[in-house]
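Please keep the 3D view open as you read.

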Amino acid sequence: MTYHILVVDDEPDICELLGIFLSMNDGIEVHTAENGKIAVEMYLNLAGSGSRPDIVLMDIRMPVMDGIEATREILEHDPDANVYMVTAYNEPNLVQDAMDAGAKDVINKTAGFPEISEMVMGVLGA
Amino acid sequence: MDNILIVDDDPGVRETLEARLAREGYAVGTADGFDQAKDALEERDFDAILLDIVLPGVNGIGILEYIKNADIEAPVIMITGDPSVDTASNSVRHGAYDYVSKPIRKEHLLDVVRRAVEKKGLIDRKKELEKRNVEYQKELERKVEERTEELKSAYELLGEEYSRKVRFMRKTSHEFINPLSIISGHLTLLMKDDLPDEQRRRLESVSENVKRIEQLVQDALEMTSEGGNK
């Protein structure tokens, strides 16, 4: 089977690199979005076409719509959505906002892409 | 010039005393009883008061009481008609400084007046010192308050400056994280390839140095954390 992962970050390099490291694992299909608004649309489109993302890796600070708001909207449409925040910001109130919005957990961006990729595979149980 | 007030209802006594004291260089004022004495005392500050004990109307003891109640500090020398110890001690009990008995001997008069004036001088000096002491105390308190205020605002300014710098450092440190992650990611990918030794050695060096910067950024973030960070 194929796991769909939606990577949301306004830095194209981050999207690309995270995508590359995740794709090194078998059965992974990565989709990327550059802000929260596009992410919400993409999530709904994927879900509508039978490729509902198994995990969303969401940056917090982004233009147009931030990760907290996007998480809230995705959860509104799909209460079972698995959204993980990936952020360099370790302020407690941001973490709290993310959790309140319905994020499953917060992943520290400084961990490195191979490590983040490994964590995601662990969550997927793949 | 020292001021002396003579209070006596007998014009002869007044004139004699006034003449004697004026010759010694005193400025002399006279009064024939309570009303005039009251006016004179309100008008200026005397250094000594010669006060007849027997007066029509308000007598010497009555005037003495008035003087003491009005907080007039000029020493009062009572003039007694007879050297009765009882009258003298009575006036001393009411706050008289000393007394002279009629007939008044010139030397005795001048001696008593001189001592009374000296005493007034001491009283004035003491009051002046007390006044200065209070002023000094107030000045000191004012200065302490002023310095405390200065210190307080300097401290607040420092605090603001410090927070501003900490916030700047934290923000800057955060800004390093994305570029460092991207560099690290690219490096990791590059080093997966088969590379000539020379290139691998150089990339490893880049990688080591990126790790050092990452550590610095982590330290800076920790140092500037706002407490309770996960």
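Predicted model: local features only at pLDDT ≥ 70, side-chain atom pairs only at ≥ 80, totals over all residues.

Residues are numbered from 1 along each chain as its sequence is written, while chains are lettered from A and ligands numbered from 1 in the order in which they are written.

**The two chains**

- Chain A contains five helices and five strands; helices (H or I, at least four residues) and strands (E, at least two) are DSSP runs, numbered from the N terminus.
- Chain B has six helices and five strands, and its order from the N terminus is β-α-β-α-β-α-β-α-β-α-α.
- In chain A, 41% of the 126 residues are buried, and in chain B 20% of the 230 residues are buried.
- A residue is buried if 20 or more other C-beta atoms lie within 10 Å of its own, exposed if 12 or fewer, and partly exposed in between, with C-beta atoms placed from the backbone.
- Among contacts with a separation of 6 or more, residues 24 or more positions apart account for 66% in chain A and 63% in chain B; two residues are in contact if their C-beta atoms, placed from the backbone, lie within 7 Å.

**Helix H2 of chain A**

- H2(A) covers residues 36-48, and its 13 residues reach 18 Å from first C-alpha to last, close to the 18 Å expected at 1.5 Å a residue. The expected span is 1.5 Å times one less than the number of residues.
- Which residues of H2(A) are buried? They are A:Gly36, A:Ala39, A:Val40 and A:Tyr43.
- These residues cover an arc of only 100 degrees around the axis, which puts them on the same side of H2(A). The arc is that of the directions from the helix axis to the C-beta atoms.
- An α-helix has 3.6 residues a turn, so residues three or four places apart point the same way.
- A:Asn45 and A:Gly48 are exposed on the other side of H2(A).
- The cover over the buried residues of H2(A) includes strands S1 (3-8), S2 (28-33) and S3 (55-58) and helix H3 (67-77) of chain A.
- The axes of H2(A) and H3(A) come within 8 Å and cross at roughly 20 degrees. That makes H2(A) roughly parallel to H3(A).
- Axes are lines fitted to C-alpha atoms, for helices over the stretch in contact, and angles run from 0 to 180 degrees between N-to-C directions. Angles under 35 degrees count as roughly parallel, over 145 as roughly antiparallel, 65 to 115 as roughly perpendicular and the rest as oblique.

- H5(B) has 87 residues and reaches 126 Å from its first C-alpha to its last, close to the 129 Å expected at 1.5 Å a residue.
- How many residues of H5(B) are buried? The count is seven, so H5(B) is hardly covered; among them are B:Val113, B:Leu180 and B:Gly185.
- H5(B) (residues 106-192) packs against H6(B) (residues 197-223) at an angle of about 155 degrees, with the axes 9 Å apart. The two helices are therefore roughly antiparallel.
- Residues of H5(B) including B:Phe176, B:Ile177 and B:Leu187 meet residues of H6(B) including B:Leu203, B:Val210 and B:Val217.
- B:Val166, found in H5(B), is 58 residues from B:Thr224 in sequence and 6.0 Å from it in space, C-alpha to C-alpha.

- Most residues other than glycine have a negative phi, and most peptide bonds are trans.
- A:Val64, in the loop between S3 and H3 of chain A, has a positive phi near 70 degrees.
- B:Asp71 has a positive phi of about 60 degrees although it is not a glycine, and B:Asp71 is exposed, with 6 other C-beta atoms within 10 Å.
- The peptide bond from B:Lys102 to B:Pro103 is cis, with omega near -5 degrees; B:Pro103 sits in the loop between strand S5 (98-101) and H5 of chain B.
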